[in-house]
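Hi everyone, thanks for coming. Let's take a short walk through a fold together, starting from a single residue.

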Amino acid sequence: MSRKQCLLLVCTGNTDRSPMAAAISKHWNPDLDVISRGIAAPIGEPISGIAAEALKRGGIPILPHSSAPITASDVDRADLI
């Protein structure tokens, strides 16, 4: 059995763009392993209210999210960044 493909999505603060992109990617392809990180992200922040509302309006489930900075292990794990 092969492993799931892993997509690493990166934005600045990891509370808007990358968590939204992760939710959309997972919605379109549930078998995809998706990681959402930021280059200057605080640790532990939820997805922003604006991003959550946009996903809700689009009928896309919000994934559990806690902001985190990108790490070398994230990059190593990813098939596509």
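Where is the place of V34? V34 sits in strand β2; strands here are DSSP runs of E with at least two residues, helices are runs of H or I with at least four, and both are numbered from the N terminus.

A quick word on the source: this is a predicted model, where local features need pLDDT of at least 70, side-chain atom pairs count only at pLDDT 80 or more, and totals for chains, interfaces and linings use all residues. Residues are numbered from 1 along each chain as its sequence is written, and side-chain values use heavy atoms, leaving out hydrogens and water.

Back to V34. Setting aside neighbours within four places in sequence, V34 is in contact (heavy atoms within 4.5 Å) with L7, L9, A22, S25 and K26.

Now the strands. β1 (residues 6–11) and β2 (residues 33–38) run parallel, joined by 6 bridges; pairing takes at least two DSSP bridges. V10, for instance, has R37 as its bridge partner in β2.

And the helices? The axes of α1 (residues 17–28) and α2 (residues 49–57) come within 9 Å and cross at roughly 20 degrees. Axes are lines fitted to C-alpha atoms, for helices over the stretch in contact, with angles from 0 to 180 degrees between N-to-C directions. α1 and α2 are therefore roughly parallel, a label for angles under 35 degrees. On α1, M20, A23 and I24 make the contact, meeting A51, A54 and L55 of α2.

Key: Angles under 35 degrees count as roughly parallel, over 145 as roughly antiparallel, 65 to 115 as roughly perpendicular and the rest as oblique.
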